[in-house]
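Morning, everyone. I want to talk about the spaces inside one protein model. Here it is.

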Amino acid sequence: MPQSGEDSGMMAVRRLLKEVVLGREDPEGFFAMCLSIVGHQETRARFLSVVQPLSSANRAMHSALVSIYEEYFAKAEDDELELAVTLSLLEAQDHPRNPQQTYDGLSTESGQTKEKGSGTCELERQKVTNSNRPGTYQAVFATRDEVPMGDPMEDPSEKTKRSKSRRQRRRATARRVVGLPQFPSRAAPALLWVRRDLRLCDNPALVASLEADAPVVPVFIWSPGEEEGPGMTVAAGGACKYWLHQALSSFRSSLERIGSSLIFLEASGAGDSSLRRLQALAKETGARTVLANALYEPWLKERDDAVASALQKGGIRCEVFHSYCTGDPYSVSTDGVGLRGIGSVSHFMSCCRQNPAGSASGAPLDPPVGLPAPSSWPQGVPLDALGLARMPRRKDGTTIDWAANIRKSWDFSEAGAHARLEAFLHDGVYRYEKESGRADAPNTSTLSPYLHFGQLSPRWLLWDAKGARCRPPKFQRKMAWRDLAYWQLTLFPDLPWESIRPPYKALRWSSDRSHLKAWQRGRTGYPLVDAAMRQLWLTGWMNNYMRHVVASFLIAYLHLPWQEGYRWFQDTLVDADVAIDAMMWQNGGMCGLDHWNFVMHPVDAAMTCDPYGSYVRKWCPELAELPDELIHRPWKCPASLLRRAGLVLGQTYPERIVTDLEERRSRSLQDVALVRRQHAEYVDKRTGCDLVPLPPRLVSEALGSAQSAESKRFLLPVITRMEFKHQLDDPDADAAANPYNAVLKGYVGRKRDETVAFLNERDFAASVMHEGALRRERLESDRRLMEGLPPQRPPSRGRARRATNAKDRFSILPSGAILTTRR
């Protein structure tokens, strides 16, 4: 038997009520939809019975709905009484009623009467002003017209399915202001264990806590011993902890705006742990559920598994959700793809496409508009007591505020993350594919700190980029690199301190601490390197291209171990990520699963990323007066030019700590070839590739048996640079004799050929003269073409002759070029 219109309407209302409980609809919007669907009289008669189940499950929400109901119908009764009195006065004065008259909510347009309150017009004009009414919220939408109620005839189930732009939803949510209910629920709460998920948007654990139909107690537990893990992970450096302090403060404010709060606890004493703190908090509040978003560092996953097991033994349900990466790295499998090419992002993306289990794809989750609060909040500690932003003090008692520039450079809030994403998608993303390496222009997203602390989810980021129709492959691959780093960390838990390739543990490294200190302080004498290291110290960040530049300089030219660079990055980067930094430094140090196929020359790289010297001038202001052509090579400036610029090398700007870069680079190649020859058992005889012991998890996947992984050791060929293979037979050969030498291939100049680069190296005037000659040749060629004349024959060119400095990489000078030499 078909349902009547009234019954179907009430079923739709009940479906909408679930949306209110989940935080997807606000109480006033629900009440307005109820009026639109079933009408004024039916709402008045049946609304209280519909919301009655909430009186025990969610008393705060029930009180708010009852208050809206009572206030609306109390005002409607007053209006009806006022209308009746007015009509009586009109009849007494013998004033005929005009059928087209509109009177305070009654409209008789087109001969039809619309009852006041049957639509949303009155609700759009009214606000809840009686804050003393029990259970009401003290504030509602700031701008009601920005949140459309929808067509009254539309099926509400279809309304919830209607897609919107993610950025529009975020902006609408940001304008909502919801106050604390005066009579919170007394039911047993659920504990929301906050870690690196400091956001409201697309937070699976937060949304799941709303579905528990109970108050929610968000709690953050700081346990330095658990965070650090084994070995030399340096998981929480100074800059990282400072960002965490600011982000926690901002997230607490966000929770307070939706009627909740954030409890801080510390587990730093002997025998103390996150598990003990959670157990004590559950006992204090009576909570029987703990919800959290997963972390993937092996030591933290081991901790979380132990916590979940202990809580469940105590009768407390524990749920973990995936949102930190685009997928669960522990579920990535090589099944159907194989192991060939492991370590490359292409191989990893193929594995994810072939085995999509654990993927967090799909539409992101909207932020809640409210969060049920407990009847009483448990006792925590102040945020400052965690010591995350503690500054050192001098002997005279004054504070050293080393984070002042970091504080000025960043907005630490979730809103700041979305603002940066919005700005990037509006402008920078269009230059990202070809210009992301520029240090002198903001062509990168600068979203890495927000991703690291979970103020922006990777799913929301990719969804917004897709919605903006900006899908550069290079940008999407960066997110895949991030997931690849965590997959490698799950396979090699000692990634932050132990070389993956066994022979490379025997590499000869320098122990010159003065070189390390000069690199850390930005005083190497190479302006591009110094500018990048000073930016890192002052702001806690540098773009990916510059990270490659400074890493190449430390490893290839200073011969310092990659672990020193990793530890410095972990202490000074605001986005310090164990998995990403460890993978990058291992690959740069020739020890990881993949080899960098380039080495960034500290001068030549500047011609690509900072061709006009703007970046160097910003972070090395003592070099600001040098011309563009020499700002990256101040040691080649004439003495008169140095005097005019007010620059004294060795005093106002340091001298170069190493001078013969090619000799030092050649020595690095020889060191690699030497260890490969000494450990021939780790070199594949057929291909020349390095061999790496296969992790047990991959062995069990490949052989289908965990026992096989324990009984036999498997060696896997991995990606190896061609220049290392070439040097295998002749380890004493220099870099110039290696046809596969990767020293800055493709990074020589920007829109200039090698002849122009050579002439610019020797004398800037010769470079200008040569470009003028080329311009005249082009003009003459165009003139002949327009006049129909035959093309001019090119001048005869003899054999190339050798310039005076045979060690220079560009010493082969075309015989047709003009060279002027200043003595």
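First, what is the mean pLDDT of the chain? It is 78, and 74% of the residues reach 70 or more. pLDDT is the predictor's confidence in each residue, from 0 to 100. Over residues 94-183 the pLDDT is below 50, yet beyond near neighbours in sequence this stretch has 149 contacts in the model. A contact means heavy atoms within 4.5 Å. Where pLDDT is low, the predicted coordinates should not be read in detail.

Ground rules. This is a predicted model, where local features need pLDDT of at least 70, side-chain atom pairs count only at pLDDT 80 or more, and totals for chains, interfaces and linings use all residues. Numbering runs from 1 along each chain as its sequence is written, and side-chain values use heavy atoms, with hydrogens and water left out.

Now the largest pocket. A pocket is an open set of points on a 1 Å grid over the protein atoms alone, with protein on both sides within 12 Å along at least five of seven lines; a cavity is a set where a 1.4 Å probe fits but cannot get out; lining residues have an atom within 4 Å of a point. Volume is the space filled by probe spheres set on the points, which are joined across faces, edges and corners.

The largest pocket holds about 1400 Å³. It has 45 lining residues, with Tyr 432, Lys 478, Trp 481, Asn 544 and His 548 nearest its centre.

Next, the second largest cavity. Its volume is about 250 Å³. The lining has 21 residues; Arg 196, Trp 222, Glu 227, Ala 235 and Leu 244 lie nearest the centre. In total, 9 cavities reach 30 Å³ or more.
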